[in-house]
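Reader: I would like to learn how to read packing and pairing in a model. Please take me through a case.

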Amino acid sequence: MPEGPEVECTRLSLQAIFNKKIKQIQFTNLSQKYKKYRFKQKELDIFEDKKIKTIERKGKFLMWIFNFEKVILNHLGMSGKWIFVEENEENPSHAKVIIKFHELKQKVVFDDVRNFGQFRVFESYETILRHDPIRKIGIDGLALPFPIDTFLTELKRSNYINREIGDILLDQKLVAGIGNIYRSEALFQAKINPTKLVENLSPNERKKLGHAISDTLHRALESQGSSFNIQPFQTPFREEGSAQQWHKVYGKQDQLCQVCETEIVAIKNKGRRIFFCPKCQK
Ligand SMILES: [Zn+2]
């Protein structure tokens, strides 16, 4: 799943379409198979001749801001990506949304193989901020400087203290933008065992974890994300990321830890896996 760094890479590439007059935003025929997009074309027709002013990122969400009041909330889901497609080129096979511009030969297409993505019109910026997942989103893991004091305060919340640190790191209300990959990598960098209860983390471990989260996400952003599975992440310019080259534990079950040569193990967590070194991470 695209995590904060991959979503941010997408956002940065989409700057190419800012302030370009929109010819049409269109839900594809394929998208009409799915309830979330069905019969919604009318909502998109009013974007004709409007311009995208900017795209903001909230955790793993993109908020598309236009030169009028409507706002679009976009989530890449498990496998969604935006791709620049030439006018005469065929659309990607799982295209759900197509945006064409008056001044650009290329169109931009939302290709979403597994169909967990979202592209939804909201009345205004204020309505989107009141919308549930957005309203509750916590610290941005890519914020600079990382708000370490807020992170330390949030960790003390009563609903976290009796839980395993590996479990709560995916909670976007704590730090937004962390997903399955960077959770394992940040815990490895901080040398913290994912099964450790939050209440048993020392003040030093808490601080180290906050900084490890920030470091890991920024390193991933510099590497243009992680691209390694069957539907690898690509930026809208079809560039793949290289963060997988420095992953230390993610996906490396049974391989030897690069630091201590102990076998990396994986544990199940809510249907996902957390990878860690049982010797380095206490
Ligand atoms: Zn190790």
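## Helices, strands and turns

Author: We start with helix α8, whose buried residues pack against α7 (165–168), α9 (203–222) and β12 (272–276). This is a predicted model, in which local features need pLDDT of at least 70, side-chain atom pairs count only at pLDDT 80 or more, and totals for chains, interfaces and linings use all residues. Residues are numbered from 1 along each chain as its sequence is written. Helices (H or I, at least four residues) and strands (E, at least two) are DSSP runs, numbered from the N terminus. Two residues are in contact if their C-beta atoms, placed from the backbone, lie within 7 Å.

Reader: How many residues of α8 are buried?

Author: The general idea is a neighbour count. A residue is buried if 20 or more other C-beta atoms lie within 10 Å of its own, exposed if 12 or fewer, and partly exposed in between; the C-beta atoms are placed from the backbone. Helix α8 (residues 180–190) has ten of its eleven residues buried. Among them are Ile-181, Arg-183, Leu-187 and Phe-188. Just after α8, Lys-191 takes a positive phi of about 60 degrees.

Reader: At what angle do α8 and α9 cross?

Author: First, the convention. Axes are lines fitted to C-alpha atoms, for helices over the stretch in contact, and angles run from 0 to 180 degrees between N-to-C directions. Angles under 35 degrees count as roughly parallel, over 145 as roughly antiparallel, 65 to 115 as roughly perpendicular and the rest as oblique. The axes of α8 and α9 cross at roughly 130 degrees and come within 8 Å. The two helices are therefore oblique to each other.

Reader: Which residues of α8 meet α9?

Author: On the α8 side they are Tyr-182, Glu-185, Ala-186, Gln-189 and Ala-190. Their counterparts in α9 include Leu-209, Ala-212, Ile-213 and Leu-217. By class, the contact has eight nonpolar, two polar and four charged residues. Here Ala, Val, Leu, Ile, Met, Phe, Trp, Tyr, Cys and Pro count as nonpolar, Asp, Glu, Lys and Arg as charged, and the others, Gly among them, as polar.

Reader: How do α1 and α9 pack?

Author: Helix α1 (residues 4–13) packs on α9 at an angle of about 40 degrees, with the axes 8 Å apart. This pair is therefore oblique as well. Gly-4, Pro-5, Glu-8 and Cys-9 in α1 meet Leu-217, Ala-220 and Leu-221 in α9. The residues of this contact divide into five nonpolar, one polar and one charged.

Reader: What else covers the buried residues of α1?

Author: The cover includes β2, β3, β5 and β10 (175–176), along with α9. Nine of the ten residues of α1 are buried, so the helix is largely enclosed by the rest of the structure. Val-7 and Arg-11 are among the buried ones.

Reader: How many bridges join β2 and β3?

Author: Two strands pair if DSSP finds at least two bridges between them. Strands β2 (residues 52–58) and β3 (residues 61–66) pair in the antiparallel sense over six bridges. Lys-58 has Phe-61 in β3 as its bridge partner. Two residues sit between the strands of this hairpin, and Gly-59 takes a positive phi near 60 degrees.

Reader: In what order do the strands of the open sheet run?

Author: The order is β1-β6-β7-β5, four strands with antiparallel pairing. The edge strands, each pairing on one side only, are β1 (22–27) and β5 (81–85). Neighbouring strands are turned by 20 degrees against each other on average, direction ignored. β5 pairs with β7 (residues 107–111) over five bridges. Ile-83 stands opposite Val-109 in β7.

Reader: Where is the cis peptide bond of Pro-145?

Author: Look at omega. The bond from Leu-144 to Pro-145 is cis, with omega near -10 degrees. Pro-145 is in the loop between β9 (139–140) and α5 (148–155).

Reader: What is the phi of Asp-49?

Author: Phi of Asp-49 is near 70 degrees, a positive value in a residue other than glycine. Asp-49 lies in the loop between α2 (41–45) and β2. Asp-49 counts as exposed because it has 11 C-beta neighbours inside 10 Å.
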